[in-house]
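Here is a friendly note to read with the model open beside you. Take the points one at a time, and find each residue on screen before moving on.

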Amino acid sequence: MSKTVVEINNLVKRYKELIALDNFSMSIKEGEVFGLLGPNGSGKTTTINCLLSLLSYDKGEIKIFGEKMEPKRRDIKSRIGVVSQNVAVFDELTVYENVDYFCGLYIKDKKTRKQYVEEALEFVSLTEFRKFFPKKLSGGLLRRLNIACGIAHKPELIIFDEPTVAVDPQSRNKILEGIECLNKKGATIIYTSHYMEEVEQLCNHILIMDKGKKIAEGSLSELKGMIKNTESVVVNIRHLKDENIEEIKKLHHVYDVKYMNNILTIKCSGGKHNITHVAEYLKNENIDYDRIYSEIPTLNDVFLEITGKQLRDKE
């Protein structure tokens, strides 16, 4: 049975009248890529800062590697790597010197540290840029330097907070491949992102929080099973009468129909042959269409249905 790497129980954090974390709990097993999701202001950043003992909290308990996490627990912190959303490197140091500095916070033996730094640079493909200063690097290279600084000491638990913000597709792909590789080598990952397709690709367990509370948790398939929409049938139709739309609404398993800009979208809950039923109806009514296809719900659909579609203030 997998060990529990992170255990948060009934965490409460208040900012005067605001309750940022409201009896929040979560548990992360060894080897998981754990997706921590939520709208802006949901409490993700507060959770991570409490986890790292960067913030005090009013109530609850946090254990990491089975030990109570406290500000002075350097032994625990040395086993954790953090890759923050904001690039946190020193402009006056070269690429190599930056990685060496952050690695040196935990690895004191010079020979071991040199080996670790070289391995980190190779891992993020920055070896040829070792003498460059950060200001000379592109956004994608800076993100990769940020990752190297966070993982050079070979942590067992790595927190990635929006690591692919504002990078080009090639750099994003490189970063995601690197995270998968770290996980395969044994690291437990906590991953936060607003890019739902990244979370779908990487995470084998996902928690969605809002207003300081856990509102959904499970595997991707389990989360998809929590929402009403199990399938959307999309049809390109140039002409469709109102009475046809009303009849389509009455088809089995259909719960929502929209027709806009010659696109008919039919949302279904349950059923295995929804696209066949729609196609048969159109054929029987002699309605011509250009294309018909089926879409299963994405994590983005799950997220919006569970948390709502209203805009949120920034966290």
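1. Let us start with one residue. E246 has a relative accessible area of 42%, so E246 is partly exposed; the term covers values between buried (under 20%) and exposed (over 50%), found with a 1.4 Å probe on protein chains only. K249 is also partly exposed, at 38% relative accessibility. The two side chains meet in a salt bridge, 3.3 Å from N to O. That name is used when a side-chain nitrogen of Lys or Arg is within 4 Å of a carboxyl oxygen of Asp or Glu. Both residues sit in helix α9 (residues 242-249), three residues apart, or about one turn of the helix. An α-helix has 3.6 residues a turn, so residues three or four places apart point the same way.

2. A word on what you are looking at. This is a predicted model, in which local features need pLDDT of at least 70 and side-chain atom pairs count only at pLDDT 80 or more, while totals for chains, interfaces and linings use all residues. Residues are numbered from 1 along each chain as its sequence is written, and side-chain values use heavy atoms, leaving out hydrogens and water. Helices (H or I, at least four residues) and strands (E, at least two) are DSSP runs, numbered from the N terminus.

3. How many salt bridges does the structure hold? There are 13. Salt bridges with shared partners join E67, R73 and D75 into one network. Another salt bridge pairs K214 with E217, whose closest N and O atoms are 3.0 Å apart. K214 is partly exposed at 39%, and E217 is partly exposed at 25%.

4. Now look at R172. Its side chain forms a salt bridge with E198 (3.1 Å, N to O). This pair links distant parts of the chain, with E198 in helix α7 (residues 196-202) and R172 in helix α6 (residues 169-184), 26 residues apart. Is E198 buried or exposed? With a relative accessibility of 1%, E198 counts as buried. R172 also lies over the face of Y195, 4.0 Å from the ring centre. For this, NZ of Lys or CZ of Arg must be within 6 Å of the ring centre and within 35 degrees of the ring normal. K154 lies over the face of Y116 at 4.9 Å.

5. Next, the aromatic rings. Rings of Phe, Tyr and Trp (its six-membered ring) pair if their centres lie within 6.5 Å; planes under 30 degrees apart are stacked, over 60 edge-to-face, and the rest tilted. The count is four aromatic pairs. F90 and Y101 are edge-to-face, because their ring centres are 5.1 Å apart and their planes at 90°. F90 is in the loop between β6 (80-83) and α3 (95-104), and Y101 is in helix α3, so the pair ties together parts 11 residues apart in sequence. Y101 and F102 are edge-to-face too, with centres 5.2 Å apart and planes at 85°. F90, Y101 and F102 form one aromatic cluster.

6. Finally, the interior. A nonpolar core is a set of buried Ala, Val, Leu, Ile, Met, Phe, Trp, Tyr and Cys residues joined through side-chain atoms within 4.5 Å. The largest has 47 residues, of which V99, F160, Y191, I206 and L299 touch the most other members. Helix α5 (residues 139-151) gives the largest share, six residues. A second, separate core of 25 residues includes V5, I28, L36 and M69.
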